[in-house]
Amino acid sequence: MQLTDVAAVVTGGASGLGAATARALAGAGAQVHALDLARALDAAPAVEGVRYVAADVTNEEDVRAAVTAAATGGAPLRVVVNCAGTAPSARVVGRKGAHDLRLYADVVRVNLVGTFTVLALGAEAIARTEPLTDGQRGVIVNTASIAAYEGQVGQAAYASSKAGVVGLTLPAARDLAQYGIRVNTVAPGIVDTPMMATVSEEYRAGLAEGVPFPRRFSRPEEYARLVMMVIAHDYLNGETVRMDGALRMPPR
């Protein structure tokens, strides 16, 4: 798929994986609509070709308005990348008792339901575009995590929400095949994002030590590069790709 003069929607676009992806897409010629919470947009980097939109992925009206704006802005909407997410930590039963049930529901609502909302409304708009070679109209890339496979202590909510994203990938690809829309997912390992910047250097070093090779955190730009490869590969569909340096997470 060529990206020149097409519109793209990227969630979580103000920082981390989303910002790197928005920058990469804009650099390839796409008109990027980067969605994020209003409070996150103040610190968003100014990037030519990237338009920031205040939107909450758990709010259908926000998402529908943002997708409509992207689809009617002068270029056909052909790319959607879901990067928005949250990752609080809590054990099923901890010192204060059972896992906060509202917290669990909130994590699933952002990471899984939010992803599905953007996927479904984005696909609806992409399906209206003119078909390209082989009838292709567009591509959607979701973000899971290796926690979907090897969730650690304290990751019950996060791991199950990301496992849901993995489980969504193939049926969504099959559902949307009739419209020429591919659906794939990237499952990163440990990435050097603002979320990880809040933990101690000692803890970061310990995490990096567990990666077989290269023994370091991955970079948001590497995630963005993989997304660009997925978009470019017209035969890649219904697949979840791990990006983790061969890391398999231990229990803790």
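**Ground rules.** I'm working with a predicted model, where local features need pLDDT of at least 70 and side-chain atom pairs count only at pLDDT 80 or more, while totals for chains, interfaces and linings use all residues. Residues are numbered from 1 along each chain as its sequence is written, and side-chain values use heavy atoms, with hydrogens and water left out.

**The sheet.** I began with the strands. Helices (H or I, at least four residues) and strands (E, at least two) are DSSP runs, numbered from the N terminus. Two strands pair if DSSP finds at least two bridges between them. I found an open sheet of seven strands, paired in parallel, and I wrote down the order β3-β2-β1-β4-β7-β8-β9. Which strands stand at the edges? They are β3 (50-54) and β9 (240-243); each has a single partner strand, so one side of each has no neighbour in the sheet. I also noted that neighbouring strands are turned by 20° against each other on average, direction ignored. For that and later angles, axes are lines fitted to C-alpha atoms, for helices over the stretch in contact, and angles run from 0 to 180 degrees between N-to-C directions.

**Strand β1.** Next I checked burial, where buried means under 20% relative accessible area, exposed over 50% and partly exposed in between (1.4 Å probe, protein chains only). Is β1 enclosed or open? Five of its five residues are buried, so β1 is largely enclosed by the rest of the structure. Ala-7, Val-9 and Thr-11 point one way from the strand, while Ala-8 and Val-10 point the other way. I counted five bridges between β1 and β2, in the parallel sense. Val-9 has His-33 of β2 as its bridge partner.

**Strand β4.** Three bridges join β4 to β7, and the two run parallel. Here Val-81 has Val-141 of β7 as its bridge partner.

**Helices on the sheet.** Contact means heavy atoms within 4.5 Å. I saw α1 lying across β1, β2, β3, β4, β7 and β8 (181-188), at about 170° to β1. Helix α4 packs on the sheet too, touching β1, β4, β7 and β8, and its direction makes about 170° with that of β4.

**Helix against helix.** α3 (residues 60-71) and α4 (residues 101-126) pack at about 35°, with axes 10 Å apart. Which residues make the contact? On α3 I listed Glu-60, Val-63, Arg-64, Val-67 and Ala-71; on α4, Thr-117, Val-118, Leu-121, Gly-122, Glu-124 and Ala-125. They divide into six nonpolar, two polar and three charged. In this scheme Ala, Val, Leu, Ile, Met, Phe, Trp, Tyr, Cys and Pro count as nonpolar, Asp, Glu, Lys and Arg as charged, and the others, Gly among them, as polar.

**The cores.** A nonpolar core is a set of buried Ala, Val, Leu, Ile, Met, Phe, Trp, Tyr and Cys residues joined through side-chain atoms within 4.5 Å. The largest one has 28 residues, and Leu-25, Val-79, Val-81 and Ile-231 touch the most other members. β1 (7-11), α1 (16-27), β2 (31-36), β4 (77-81), β7 (138-143) and α8 (220-232) each supply at least two residues of this core. The largest share, six residues, comes from α8. I also spotted a second, separate core of 27 residues, which includes Ala-7, Leu-35, Ala-70 and Ala-125. In soluble globular proteins, nonpolar side chains tend to be buried together.

**Val-79.** I looked up what Val-79 touches, leaving out residues up to four places away in sequence. Its contacts include Met-1, Leu-3, Val-9, Leu-25, Val-139 and Ile-231.

Most residues other than glycine have a negative phi, and most peptide bonds are trans. Asp-5, not a glycine, has a positive phi of about 60°. Asp-5 lies in the segment before β1 and is exposed, with a relative accessible area of 54%. Ala-246 has a positive phi too, near 70°. Ala-246 lies in the segment after β9 and counts as partly exposed at 47% relative accessibility. Last, I found a cis peptide bond joining Phe-213 and Pro-214, with omega about -10°. Pro-214 lies in the loop between α7 (201-209) and α8.
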